[in-house]
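Me: I have a structure to go through with you. Could we begin with how the chains meet?
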Number of protein chains: 2
Amino acid sequence: MAQINPNFANLQGSYLFAEIRKRVTAFADAHPDASLIRLGIGDVTKPLPPAVISALHAAVDEMGEPDTFRGYPPETGYDFLREAIVQHDFAPRGVPLSPDEVFISDGAKSDTANFQELFAPECVVALTDPVYPVYVDSNVMAGRSGAMNEATGRYARYVYLPCTAENGFTPALPDRRVNLIYLCYPNNPTGSVLPHTELAKWVAYAREHQAVILYDAAYEAYIREPDIPHSIYEIEGARECAVEFRSFSKTAGFTGTRCAYTVVPKEAMGRNAAGESVPLHPLWFRRVSTKFNGVSYIIQRGAAATYTEAGRAQVRELVDGYMENARIIREGLKATGLEVYGGKNAPYIWVKTPDGLGSWGFFDRLLNDAHVVGTPGSGFGPSGEGYLRLTAFGNREQTEEAVSRIRARMAR
Amino acid sequence: MAQINPNFANLQGSYLFAEIRKRVTAFADAHPDASLIRLGIGDVTKPLPPAVISALHAAVDEMGEPDTFRGYPPETGYDFLREAIVQHDFAPRGVPLSPDEVFISDGAKSDTANFQELFAPECVVALTDPVYPVYVDSNVMAGRSGAMNEATGRYARYVYLPCTAENGFTPALPDRRVNLIYLCYPNNPTGSVLPHTELAKWVAYAREHQAVILYDAAYEAYIREPDIPHSIYEIEGARECAVEFRSFSKTAGFTGTRCAYTVVPKEAMGRNAAGESVPLHPLWFRRVSTKFNGVSYIIQRGAAATYTEAGRAQVRELVDGYMENARIIREGLKATGLEVYGGKNAPYIWVKTPDGLGSWGFFDRLLNDAHVVGTPGSGFGPSGEGYLRLTAFGNREQTEEAVSRIRARMAR
């Protein structure tokens, strides 16, 4: 018989967005005249920059002519895009990379979910709590989680790194040996960042214990303050122990266009069963070339246009617009007396629930009193309980309206 | 330490295309004036149909305007594309499907490589020999192969189904129990097809032994003869035991544009350890929504345009053009006395090597005498030894020239 992967039985139902939808639908049915403002989902709303649109049109035209038509792309991406990434995203920060250390993909979700395939099922995984659920579930499927403890909401074999207001959303080093460490900075969902000194502790830990850091920097473009590393490779020694995931989704509005990339330095190492170093670069190359056929030529041309002079200015404007939304939410909510985190170097605002409300209780209050939809923090892990996530990806008018409603109807 | 996946050590070097490149480069260096014709790689050369180009441009424009911009696509694809697929690819052949049984993806390579994740590592895999290498390597990575036997060129745990001229390239049912069966028809690399009666035997086998058939129908559009099933669901009972992979790559010239789909009927079942039925549809849905963020809106609009009236006519013309190349190669080579298979319902022509030459020997003779590049059959598995693959994806003039050179210089 075709026996199914037994690890799938360890997956938990993904009720979060279904439950949100259910409650929102019930509210809308009961209040047909209410105008809801959705600040829950981390999806962009502004159109693609004009430079990207032009490049996409030009590439479409190329695909329609015999002389410029392109067949299979290189599985790891076109050089024109890999070179632009190296030149614009890393060189200016003093990080020298070779273009063939950059792997172009259809999304950071795919890459952060797939990269664990390079490692043995025995590896112990460390995750911040709260966390982006993809890291959790992809490792469940691969057999690294153990069973869910329903009482704690935690998997038996994962090492959780709580991030709450009490520790300034800064995870402490694990108290037992871990092998794979997922870090996402600027952080989804808390909007926090790791300064250079904190990130350096993780690189030192990984080097000492021969662990690998899976560093998700999808929100890098939102960093505003100095002294916050944009890439983990700004930390000395990170090339030997870290891979980094980046995306055009939130930077250039590519959530519906699909392009991202992963950096695997030639020096990054795993270990074989005998403890000998094994470079990750050829393993990832083999995985990508076996299971993937590359990203559409058209889309790669669109992504490359974000690095032209016009493209860079337009992307900056896009990100600045969302960060202005973040400021409006952060300051507006603070003025009502709410405890508010994030939103300074990230498009996420992490709100402490007031009056001892749980995440869902605050979600309901926002929905009923202000007609604003957030995301309950408990959906991102047990340490997210008592928080709620708002995003800066709405349009300006709706964001201002949401804040003014919260101020008018929820101030105490 | 971050221990690497030990299964990767079982992968064999992928020397085939590297070795071809090496020999071609050496020849070109020695004969700088020779004009090489490449009929080796299975990549299309004709531009995208005009209906697709128009739809891509229109979708790009939508992404540039606030009111029509699209964020994250549904992970499993837009309804407009899933509905067109059901209506045009299946309904006319008497196969009723629900749109939500169709999962849109970036490529059949990704899907045929990833689908095995739903199954336990213990499953026994059956593969035709010769075979598309992705099925082999993706199961090696998942730990289903056992070690390579260097003497036979075969993995210890795979069940190989030889397909040679002796059995008319029709695989016999396995002589021991298998759980996962990869079938690709029309076949890459042999260009053979399975008639209804033969495919029905496999469906009966799978149902009797609770196996699952992974049916790769990427070349379905090339079928010309009647009585050849275009979909495995034309066989009664296949909905309970088969998934089917389709692609826009070879149909509409999408190798560089990237869109494909996988059909998972609601009745298709695996088994849990207790032997109870477990539907594959929710498992694949969970896998896709956890590890993938969907295909670009722009690209899905381009794919959907292949189902408009103009698009259908243009795709037919594209495929007819390649099939005319296939006829030219098949008939031209036959006229030289070569034994030739395939090319009637598939874009691949599978040539028996003459004079007792091995695959590489014939490759060298074609290269040296006719300046034509093929692909040695041995690169697709041990039973491909003694054959060479030519493809119909070149342009007409070059295909005619290649055949005329082979006739002039290699006739005996």
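Reply: Buried area is the accessible area, taken with a 1.4 Å probe, that two parts lose on being put together, summed over both. The model discussed here is predicted.

Me: How much area do chain A and chain B bury between them?
Reply: The two chains bury about 6300 Å² between them, and 61% of this lies on carbon and sulfur atoms. The contact involves 82 residues of chain A and 82 residues of chain B.

Me: Which three residues supply more of the area that chain A buries than any other three?
Reply: They are Met1(A), Arg286(A) and Lys291(A), which supply 12% of the area that chain A buries against chain B.

Me: And how many salt bridges are there between chain A and chain B?
Reply: The count is 4. In one salt bridge, the side chain of Glu75(A) meets that of Lys109(B), at 3.2 Å from N to O.

Me: Which element gives the largest share of chain A's side?
Reply: Helix α8(A) does, with 7 residues. By class, the residues on that side of chain A are 36 nonpolar, 29 polar and 17 charged.

Me: Changing topic: at what angle do α1 and α11 of chain B pack?
Reply: The angle is about 35°, and the axes are 11 Å apart. The crossing is right-handed.

Me: Which residues of α1(B) and α11(B) make that contact?
Reply: Among them are Leu16(B), Ile20(B) and Phe27(B) of α1(B), and Trp360(B), Phe363(B) and Leu367(B) of α11(B). The contact residues divide into 7 nonpolar, 1 polar and 3 charged.

How values were computed:
Residues numbered from 1 in each chain as written. Chains lettered and ligands numbered in written order. Predicted model: local features only at pLDDT ≥ 70, side-chain atom pairs only at ≥ 80, totals over all residues. Heavy atoms only, no water. Axes fitted to C-alpha atoms, helices over the stretch in contact; angles between N-to-C directions. Helix = DSSP H or I, 4+ residues; strand = E, 2+ residues; numbered from the N terminus. Left-handed = near helix turned anticlockwise from the far one by under 90°. Contact = heavy atoms within 4.5 Å. Nonpolar A, V, L, I, M, F, W, Y, C, P; charged D, E, K, R; others polar.
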